[in-house]
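Subject: Structure handover

Hello,

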Amino acid sequence: MNFEVLDDFNGFEMAFISKNSGGYISKNKYIFEEIELTPLNQFILEQSVFGTPIFKLGSGGANILLISGIHGNELPSQAASLKLLEELINIGLDNTVYMIPFAAPKATMNNERTFNSRDLNRSAHIKNSLSNLIMQAIEELKINFVGDFHSTAKNSNPGFESIFSSRNPSPESCLIANYISAQTGSKVISFEFAGKIYKGAVEDVCNLNGVPAITCEVLSPFALVGKGSVEKSLMQMKSFLSYFGIF
C-alpha cells in the first residue's frame, strides 16, 4: 500500500483501501450537517468520492487502526472520526495511528446499511469483499490493534451503548473493552470465542487472526444522528486510544 505524504496537513499520509467504493458524503444531509468544513475535512470528503481512503498519523510504537462506517447508515462514528482526526493532526504521537473514517463512502452517501447489497460486518472473511480488503490492509500494515466504531438503535441488537469483545483467541480484546467501559460507562458484551455468534464481523476476524479488536456502539436512530451521539462516539474513540497512552 503506497501512502502519499500530504504536506498541507502536517505530514498526514493517505492511501486507498479501494477505489470502487467512492461516494459523495455531502449528499447525505444528516451526516453532512454534523461536519465542520475545515480544510482537512473538505479534503477528506473530496477524496472519499474516489474510494475508501485510509489515513496515517505518527510513526513507531503500536500500529493502531480505527474504522467507522462499516454500516453506511450508522452516522455518529463517521462524524466523530473527522473530529478525532482534527485533534490528532495537532499532537505528537508515539504510536502509529491509522484511520478509516468512511469505510464505504457510497453506502454513507445513500444512507444505507449495506454496500452493494452486502453487509460488510458479515463478510470480512469473504475474499475481496470491501471489508475483506480492509482485513488485507490490516495484515499488510501489520496492525496490532483495531477499534471498529458503530451505532445501534433502540429495539435493535444490541440496542444500547456497548463494547463488543471476545476472550479467545485474543484476550486483550476484553482488556481493552473493560478499559473503555470504565472510562465511558458503555456496557461490555463479551463472548467466550470470537466468531461463534456472528460470522464475518471485522472485530471477530481480527481477533481470530490474533489482532485484538473491539466494536464500540453508541445509541442513535439508524440513518440519523441522535442527540449527543457524535460526542459519545468521540469519547469512545479517545478512550480506545488512551489505552495506548494517547490522550
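A search of the whole structure turns up 5 salt bridges. The term means a side-chain nitrogen of Lys or Arg within 4 Å of a carboxyl oxygen of Asp or Glu. Side chains of opposite charge can pair when their charged atoms come close.

Before the details, some ground rules. This is a predicted model, where local features need pLDDT of at least 70, side-chain atom pairs count only at pLDDT 80 or more, and totals for chains, interfaces and linings use all residues. Residues are numbered from 1 along each chain as its sequence is written, and side-chain values use heavy atoms, with hydrogens and water left out.

Salt bridges

One of them pairs Arg113 with Glu74, at 3.4 Å from N to O. Arg113 sits in the loop between α4 and α5, and Glu74 in the loop between β4 (63-68) and α3 (76-88), so the bridge ties together parts 39 residues apart in sequence. Helices (H or I, at least four residues) and strands (E, at least two) are DSSP runs, numbered from the N terminus. Glu74 is buried, at 4% relative accessible area. Arg113 is partly exposed, at 32%. Buried means under 20% relative accessible area, exposed over 50%, and partly exposed in between (1.4 Å probe, protein chains only).

Lys238 forms a salt bridge with Glu87, with the closest N and O atoms 3.0 Å apart. This pair links distant parts of the chain: Lys238 is in helix α8 (residues 229-242) and Glu87 in helix α3, 151 residues apart. Lys238 is partly exposed at 26%, and Glu87 is partly exposed at 30%.

Glu161 and Lys232 also meet in a salt bridge, at 3.6 Å from N to O. Glu161 lies in the loop between β6 (145-152) and β7 (162-168) and Lys232 in helix α8, so parts 71 residues apart in sequence are tied together. Glu161 is partly exposed at 21%, as is Lys232 at 22%. Salt bridges that share partners join Glu74, Arg113 and Asp119 into one network.

Asn121

Asn121 lies in the loop between α4 (105-110) and α5 (130-140). Asn121 is buried, with 7% relative accessible area. The Asn121 side chain reaches the backbone nitrogen of Val202 at 3.1 Å. Setting aside neighbours within four places in sequence, Asn121 has contacts (heavy atoms within 4.5 Å) that include Ile70, His71, Asp148, His150 and Lys199.

Best regards

Notes:
Polar contact = N/O pair within 3.5 Å; in protein donor to acceptor, adjacent residues only side chain to side chain.
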